[in-house]
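Subject: Structure handover

Hello,

Here is the structure you are taking over. My notes on what was found follow below it.

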Amino acid sequence: MKRRGFLKHSTQALGAAALAGIPGMSFAQQKTITAVFAGVILPDKVRPIVEGGTNVRINNLPYVSPTDTVAKLTAPGGTSRYDFMVSVTNFMRGPLLGERDGQELAMALDTSKVPNAAKLLPLFQDQIIRRAGKTYAVPIFWGYDSVIYNRKKIPEEAALTQSWKVLFDDKYAGRVALRDDAHQSIAAAALAMGHKKPFEMDRKDLGDVTKFLIAKKKNFRTLWTQFGEAVNMMSSGEVDAMYGWIVMRAVLQRRGMDVTNNWPSDGLLFWNQAAFIPKNAPNANEAHAVLNAMCGVEYGTALTRETEYLVTSAGTAAALSPADRTKYGYDILERGLNLVPLAWPKDMDSWIEAWGRVKAA
Amino acid sequence: MSDAAVKPIGKPWLLASPAVLWLLVFGLAPLVFMVAMSFWKSTIFGTRPDFQLGNYARQLTEPLYGTLLLKSLRIAAVSTLIALVVSYPIAYFLTRLRGLWKSVFIIGLFMPFWTSYVVRTFVWLPILGRAGAINATLLWLGVIDQPIDWLIYNEGTIYLGLVYVYTLFMVLPIYLSLDRIDPRLIEAAVDLGARPWSVLWRILLPLSWPGVLSGCIMVFLLGVGAYVTPRLLGGPSGIMYGNMIADQFLNNNNWAFGAALGSTLALVVVILLLVTGRWIGIRQVFTGGRF
Amino acid sequence: MARDPFRAWKLALWTYAATFFFVLYAPLVMIAVLSFNGSEITGFPITELSLRWYRTVLASPRLLAAFGHSVTVGAAAALIATALALGLSLAFRHDFRGKGTLLNLVLVPMVIPGIIGGIVLLIFFGYAEVRSSLMSTVLVAHVNWVLPFAFLTLYPRVHRFDQTLEEAAMDLGAHPRQIFLRIVLPIIRPGIIATALFSFSLSFDEFIRTVFVVGEERTVPVQFWTMIVDRLAPELPAMAVMIILVSMAAALLGFAYAKRADHAS
């Protein structure tokens, strides 16, 4: 295998050298970067904007989860295998920076190459991951999780509807679904029970939430695992309300369903994802260019229109009409909603175990 | 005429060495690595080779893991039995066919397995769901006036999903085994007045035992590690041991604990195979009763 | 007078087989039906009948390339695994020390859960500094996965091989290689073909190990997975139907070729 690799590399080198050496031919060879991020942030319609503007081809590897992305980084060889990665900011802060100075797994960004990173909405400027004056990760998009529900079956104006409790109330037993995810489902249940800071719960509180979930388990039709599955459940009427994502709402509305999301009074789960470049990325220059493009207004506007995810660039928010800002939710930062940042719990191991106990009960 | 008089062709270690080499490098090494990793410590900063027994201590103190292990073994065993009962007649059926029909049906058995399992497991949702095909048909026929809830999202659906996906693994080795049986044996038995049940129990089953064993081992091992099927079809209680393992890697970065769970599973399965091996004849079939 | 005492049994068997194949194929028919659903959301209700998803698949270089990759690595894995399994099966006919241990070694890849198998290879190749690619990392993962199954499928067939033929040939002075090529191989050939086909199917369907070691060239299951993780994949049923059609065509070609070969010999 080593020999084959050597042959491949030497052939490539010869080829490139030959092309570069031909006089009169200035050949801007398009480079490819290896990236790991949720495919949804670079849909086919939006891809040309980034690839065209930077002349870089982006090969995004099969995406598994934000947690897995961080795990890929910390695995042996992780810092040199990928050029560009995106994951939930609160999940990666610790691993990215490492325990001490000098143990960072990400490359300190050359801020001159990413001018757009300075033009973020004020809320997200604090979210930039920095250490000792150097920038390591820049938030590029954000969103919120809430309850997606069918307005024809569940009244919008009710206090119950505008709360996580709607997923746990016996009134809608058998017509609701949670996500099969320890982190998000336990957080939602904790908020429904009234815990203000779910990710800082101690063992006793976690135990209470577990008991609550076990008691309410019979109310759930199922726990969805995939995007398409969740959307399908709403559109076929299998359930009337579920823990859901912004993109799901967008898809269902486009399909003509009278579906919307609620704004839970007990706390809207609010997250953002940041991009970074692993420490030993082989194509750092190109990765910088891509990062810059994804902080830009053109990309941001296109992404919001296509998927309804929101971006951190201040220019995008400013470029939208007030009606659009409300429609997509850029104004939730001003609406005085109870925003609960999605964070890594103190003891994820216990959360996973707790969820296992809920399902096994 | 004794077995020992004629040696089969070829030198055993020469024949087996390519496979042995492959297995040592790519099979055993990863297993050893998994066991080694199970003693390491995983934090949010990554996995470090700091030797500790915590991952195993946790499995012993928290009853969840033992419960799930037993549940997985139970579901896998039941699925294997169901698959065996469902598949044996089909394997026999295939041996009764001749010529073109035989090939057609065998290919026909394979074809569903060339659609990805992603598709093959998800397809049950629009069939069994409240708004699915079965409910729609029954409603239209007037047999029911409310959709049936219990077609999906329970343990029964898990069995359906597993057996459906793994039938090929059971039919194929049994068919290959049965196909070699001399039909004159059966004719002779019938002439002597044997009832069908006797033919099955005393001729077919013993002679096709290697195939039955192979099929059962495959389906059982696959069932014990299942995690997509229970999660998708099993509803809020659809959890098996494999899900806990998957969670460690996909929702958490506790690789060391995941490796420990995997090592426990591997150990239990190996012990199971060793213990039942002698009883159901794995040793005799594969190793001739010696070594 | 019951001329054929087993007629009732035979009828029962045929009925059962019909039911079995009906249940086996019903979900596939469902997939085919859904593939014509013009709606973006896979599943009922069917909003309009349309071929748009077939057009999408044919216009998608990623999907078509994934199919090519799956076929390539599947064929390679089937070839290697069947060859290795054949060697093992022939060896197992003998008596030798360490047979039990060897059997356990063969079963090892099956005993390691899929995710762990994938991650361990990821780490293994990480340390060896081997870049992920179809014919290196993915092929290894697939052969690993397939080998125990190939052995378990082929061995029962080889095990039942009637040795009197071999005895006779040896008595007549035939060379072991001749015996193998002209007596053993032709008789177990259907078993080898079935094993190879089975190995190909396993490789074609393998997903969880592949996800961790895949590079630029994706296989069909990995491509499907990428598509459903965080968006709708309405073209999935259409792609599945096309895969079935292509396999049917390949199988028909295989038959035609085999018939021709039979007639020629």
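Two residues are in contact if their C-beta atoms, placed from the backbone, lie within 7 Å. On that basis, 34 residues of chain A are in contact with 25 residues of chain B. Helices (H or I, at least four residues) and strands (E, at least two) are DSSP runs, numbered from the N terminus. α15(A) gives the most to the side of chain A that touches chain B: eight residues. That side divides into 10 nonpolar, 12 polar and 12 charged residues. Here Ala, Val, Leu, Ile, Met, Phe, Trp, Tyr, Cys and Pro are nonpolar, Asp, Glu, Lys and Arg charged, and the others, Gly among them, polar.

This is a predicted model: local features need pLDDT of at least 70, side-chain atom pairs count only at pLDDT 80 or more, and totals for chains, interfaces and linings use all residues. Residues are numbered from 1 along each chain as its sequence is written, while chains are lettered from A and ligands numbered from 1 in the order in which they are written.

Now chain A itself. Chain A has 15 helices and 12 strands. Its C-alpha trace spans about 75 × 45 × 40 Å along the principal axes.

Next, the domains. Bounds come from an automatic or database domain assignment. Chain A splits into domain 1 (31-142 + 271-333) and domain 2 (144-270 + 339-360). Their centres, taken over C-alpha atoms, are 27 Å apart. 10 residues of domain 1 of chain A are in contact with 10 residues of domain 2 of chain A. The domain 1 side comprises six nonpolar, three polar and one charged.

Best wishes
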